[in-house]
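Please open the model in your viewer and keep the selection panel at hand.

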Amino acid sequence: MSRLIIDAHLDLAMNAIEWNRDLAMPLEHIRLKEMNINDKPDRGNGTVCLPELRKGKVGFVVATQLARVNPFNSALTGWNSPAQAWAMTQAQLAWYREMEKQGEMVQIVDKKGLDAHVKLWNDVMIADETKPVGFLLSLEGADSLVTPDYLYEAYGNGLRALGLSHFGPGRYADGTKTAGRIHPNGLELLKIMDELHMILDVTHLTDEGFEQAMEGYMGPIWASHHNVRKIVPNQRQLDDVQIRQLVERDAVIGGMLDCWAMDIRFIDTVSDPWQLDIRLEMLIDHWDHICQIAGNSLHIGIGSDLDGIFGTEQSPWDMNSIADLQKFDYLLSNKGYTEQDIDNIFHGNWLRFLRKALR
């Protein structure tokens, strides 16, 4: 019998609205519709849709809104104004609302709703393919908040987690591949987050920003999709000191399945996962490292980032769709993880965290 899985990072609405993917369709239909489209490298290679989530018993996800602002003369993609970025996040929110109307998804905003949803997914008398996929709304990068006060409206719409930065320079904090700090307006945003008791996602912060966040934010903190710098030595991954700090805060770290975050040899749009033999079980090396630091399995989980601007061309070769996350049951058991450890990783650690963090 499959275990319930919680995936703490999926860019569902971005794929639906910007990629124009109907995620209610079967995966093979989505791939067929994209066969002759070449605007993005992952066309025809998607791994995530609502039927596949149900097939893999991924009954609850942390689903993002994402719209970055493009700095002047930057090579990065993004919107040219905060107002445009905000409008895009509202389009993404409208898609989640429509999925709720159609019975495909259900938003979770508090502990009561979370417990009711988990009870539904644990009910073996109801077929998984009929159950809505639960989602907690997270904002990946705060660029789209026109001013910090916009967070009140976003919270009213159900936003419960927020990461200050994404890639490159950000409006509230600098992100991956930079070395800047959290900006003054970012510190103001943290104060509002603390007032609302929101979850701070430290993913994509610079090392300096990470330290500021750990010292200055007293609310709940997680790392939704992060791997280990000891294995993949670049700034995007967590170093051992950061891992210890997160463990001390009772955080959970979600392991991600983007090949470049799993194996240092992988180069985006150049390397091939099959040729480098990048397999699902390689993520367990990252989990092992965190467990050795923590002394237990209470601080790791899944934050796959699947279809986060990549598809099968940049995923482990033994994974065709997100439903294959269930393969970790055998892979972890084969590595000596206990039944309790596997339950912790699949859903238990995220549930413990959320029951404590949500009002």
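In which hand, left-handed or right-handed, does α12 pass α13? Select helix α12 (residues 327-334) and helix α13 (residues 339-357), helices being DSSP runs of H or I with at least four residues and strands runs of E with at least two, numbered from the N terminus. The crossing is right-handed, meaning that the near helix is turned clockwise from the far one by less than a right angle. Their axes come within 10 Å and cross at roughly 145°, where axes are lines fitted to C-alpha atoms over the stretch in contact and angles run from 0 to 180 degrees between N-to-C directions. Show next Phe328, Asp329, Leu332 and Ser333 of α12 with Ile342, Ile345 and Phe346 of α13, which make the contact (heavy atoms within 4.5 Å).

This is a predicted model, in which local features need pLDDT of at least 70 and side-chain atom pairs count only at pLDDT 80 or more, while totals for chains, interfaces and linings use all residues. Residues are numbered from 1 along each chain as its sequence is written, and side-chain values use heavy atoms, with hydrogens and water left out.

Now select strand β2 (residues 58-65), which is largely enclosed by the rest of the structure because eight of its eight residues are buried (under 20% relative accessible area, with a 1.4 Å probe and protein chains only). Strand β1 (residues 5-10) runs parallel to β2 and is joined to β2 by four bridges, with Ile6 partnering Phe60; strands pair if DSSP finds at least two bridges between them. Strand β4 (residues 133-140) also pairs with β2 in the parallel sense, over six bridges, and here Thr64 has Ser138 as its bridge partner.

Finally, select Thr89 in helix α4 (residues 82-101), a buried residue with a relative accessible area of 2%. Beyond its neighbours within four places in sequence, Thr89 is in contact with Gln65, Ala67, Leu139 and Ser144.

Conventions:
Buried means under 20% relative accessible area, exposed over 50%, partly exposed in between (1.4 Å probe, protein chains only).
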